[in-house]
Amino acid sequence: MKGFLTRVTAITVKEAAHILRDPRVMIFALVLPVLLLLLFGYAISFDVDHIPLVVVDQDQTNASRNLVESFTSGDLFEIKARRSTVDQVEPLFRSGLARAALVIPEEFTRRLAGGREPSVQLLLDGSDNNTATVALGYAGVVALEVSRRQMPTSLSREGAPISAQIRTFFNPGLRSSAFIVPGLTAVILTMIATMLTALTVSREIEQGSMEQLFTTPVSRLEIVVGKVCPYFLLGLVAVLLVLTAGVAMFSVPVAGSLWLLFGVSALFLLAMFIQGLFISVATRRQALASQLAFITTMLPALLLSGFVFPIDNMPWPLQFLARALPPSYFIHAIRAVLLRGNGVEAILRDSLAILLFFGVFLLLTVRRFRRALN
Amino acid sequence: MNRPAISVDGLTRRFGRFVAVDGVSFEVSKGEIFGYLGANGAGKSTTIRMLCGLLRPSAGRAVVNGHDVVKHTWEVKRSIGYMSQKFSLYLDLTVQENLQFFAGAYGLRGQLLSQRLEHALELALLTDRRNVLTGALPGGIRQRLALASALLHQPPIVFLDEPTAGVSPDARRAFWRTIRQLAHEGTTLFVTTHTLDEAEHCHRVGLMAEGRLVALDTPAELKRRHVPGALFTLHPAGGRSKELLAKLRQLEGVLEAQPFGHRLHLRIAAERDEAWLASLLEQVGFGEVGFDRTEPTLEDVFLQVAKEGAAATEGR
């Protein structure tokens with residue numbers, strides 16, 4: 001088409017001027033993502049440590065003190081109180097002062113010495129599911145350690161117990177930040193990108209400038225392309241900032257190619273921008289558009305992307321929805337590149353899926369545009 | 001090459017059951033200033049929007065600059081300029097940025113663009129204020145800039161939808177000077193307005209009422225046909241105007257008598273003159289009442305046409 005580039009450039013330059021004049025847009029696009037990352041990154045953590053522990057040592061011997069020592073030598077438990085009877089534990093749980101209690105009965109040392117199986121009790125506050133599970137696992141390990149040390153004879157008699165040596169790949173420390181930051185990046189980009197473009201068309205329809213534009217020889221496709229361009233550049237800067245912040249603040253490992261990461265992020269941005277534009281064209285009103293953009297991006301990106309809940313465990317209608325939306329593919333791809341160090345071939349399927357979404361919504365947006373005016 | 005700039009035949013637009021424009025037909029010739037007059041909701045903007053390719057007609061045909069507005073929308077868009085009261089410019093852009101944007105939208109670039117840009121700045125008298133934010137300019141100057149931006153690509157036909165709404169009288173006069181100059185240079189101008197004195201500037205005026213074109217002619221001819229006779233304004237002393245009005249209405253040779261504030265508007269047959277009116281007033285005992293001869297305005301025409309329309313509706 002003759003003059004396509006001239007007209008697209010005109011729209012891009014105009015849109016860029018709007019962006020540069022409006023400090024709210026710049027803050028929204030560049031400051032907010034990093035702020036959100038810091039906020040969420042520190043707040044959302046599946047790591048458990050410093051669980052408040054109350055110790056009920058009814059034995060009061062060297063052996064029992066050793067046991068307590070073994071429990072608290074790591075960072076996981078922190079002794080908050082000592083009590084003499086089990087009855088005193090529950091009030092502490094209720095008030096939230098303690099989440100776990102280690103109860104060592106009177107006959108602990110006697111049983112140990114007598115070669116009978118000594119037992120200790122670990123009481124857990126089950127209202128915090130995640131903490132309880134972690135504490136339980138840890139307690140098992142400690143108990144095994146201690147019994148091995150305390151009863152070398154009895155163990156050697158029966159032969160050494162099998163010890164499993166577990167090694168976790170790609171995230172050796174099982175730190176949740178390495179897992180969360182990529183997911184969070186997707187959530188933030190989704191939200192920002194859709195919100196940014198959701199307003200541009202509805203604003204012009206509201207103020208009447210879209211009608212003015214439609215009396216010129218500018219086509220709908222030219223408007224869409226021209227409008228996405230400056231936001232795309234802005235979005236790329238946001239991606240860079242978020243990734244840098246993620247790596248610097250949360251020491252997320254970068255195993256794969258940064259360029260690949262950037263490329264797939266760019267593709268994802270395009271898909272989100274076109275989703276925002278579609279909302280803008282379909283709603284025609286700024287207030288409605290921003291609400292809809294929030295609902296259709298934030299919720300799927302948080303809940304249906306595999307960020308928090310694995311998609312394979314969802315009921316099939318939700319699985320279907322999750323697989324229809326780009327965030328799930330993006331999160332999969334970004335984790336693959338960032339943590340596993342995968343190359344292009346591993347994220348090809350994800351990229352194609354995002355590209356397909358982009359194409360479909362570009363078509364829908366341009367088609368829907370005409371009716372948006374009447 | 002004497003085809004009309006705009007040719008409209010049976011143009012109709014319905015919104016559901018509401019008929020906004022109802023079988024309108026007219027032609028506008030090149031270089032003409034065509035006024036499209038009517039109350040709000042009479043179908044003026046709907047007509048303009050169909051002619052600009054913004055809205056599809058429900059029935060009928062419209063040809064602009066030789067192009068059918070439905071079949072050849074893109075050619076139509078290339079040959080028109082459009083300026084509306086609702087939106088004219090981006091207020092958060094500078095004068096120059098606005099012009100640059102619209103020039104680009106019309107496909108201008110390179111040297112042609114900078115040339116036309118300078119020309120538009122001159123037309124809007126904003127050459128030395130090109131870097132001012134448009135939102136900081138007063139309304140009248142903004143309208144001038146909006147007109148200049150609608151003319152950037154030198155379109156043969158320009159549509160102006162209520163161009164002087166909310167503009168000071170001074171700015172309005174200057175605006176119409178520009179319009180006349182453009183018409184003189186051969187541009188066709190299609191102007192909607194609901195201010196009747198503005199319509200006096202137009203070569204021809206079409207009157208719209210409830211979606212129908214109820215009258216179409218030059219302002220002079222409209223007045224001659226719909227408001228025949230001689231018009232006078234009477235200045236009766238306070239309190240007695242009602243009595244005078246009642247008396248006048250019963251007299252032979254009085255076509256119409258209407259109260260107009262404290263004064264009276266009186267229309268008498270064209271062959272009567274001031275002397276006849278003076279003796280008439282003497283006769284009914286109002287010899288002391290002063291009067292002036294006045295020219296009919298399009299407002300009189302508009303009221304008359306509305307009245308005729310109402311009578312025709314009742315007769316049916």
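A salt bridge, a term you will need below, is a side-chain nitrogen of Lys or Arg within 4 Å of a carboxyl oxygen of Asp or Glu. All the views come from a predicted model.

**View 1. A salt bridge joins Arg49(B) and Glu211(A).** Look for the side chains of these two residues, where N and O lie 3.3 Å apart. That distance falls within the 4 Å limit. The rule finds two salt bridges across the interface of chain A and chain B. It also finds ten residue pairs in polar contact there.

**View 2. Helices H1, H8 and H9 of chain A each bring at least two residues to the side that touches chain B.** In chain A, these helices span 4–21 for H1, 176–207 for H8 and 209–214 for H9. The most comes from H1(A), which gives eight residues. By type, this side of chain A holds nine nonpolar, ten polar and six charged residues.

View 3. Gln212(A), Thr215(A) and Pro217(A) together supply 26% of what chain A buries against chain B, more than any other three residues. In contact here are 25 residues of chain A and 27 residues of chain B.

View 4. Beyond its neighbours within four places in sequence, Val64(B) is in contact with residues including Ala5(B), Ile6(B), Leu51(B) and Phe159(B).

Terms used: Residues numbered from 1 in each chain as written. Chains lettered and ligands numbered in written order. Predicted model: local features only at pLDDT ≥ 70, side-chain atom pairs only at ≥ 80, totals over all residues. Heavy atoms only, no water. Contact = heavy atoms within 4.5 Å. Buried area = accessible area lost by both parts, 1.4 Å probe. Polar contact = N/O pair within 3.5 Å; in protein donor to acceptor, adjacent residues only side chain to side chain. Helix = DSSP H or I, 4+ residues; strand = E, 2+ residues; numbered from the N terminus. Nonpolar A, V, L, I, M, F, W, Y, C, P; charged D, E, K, R; others polar.
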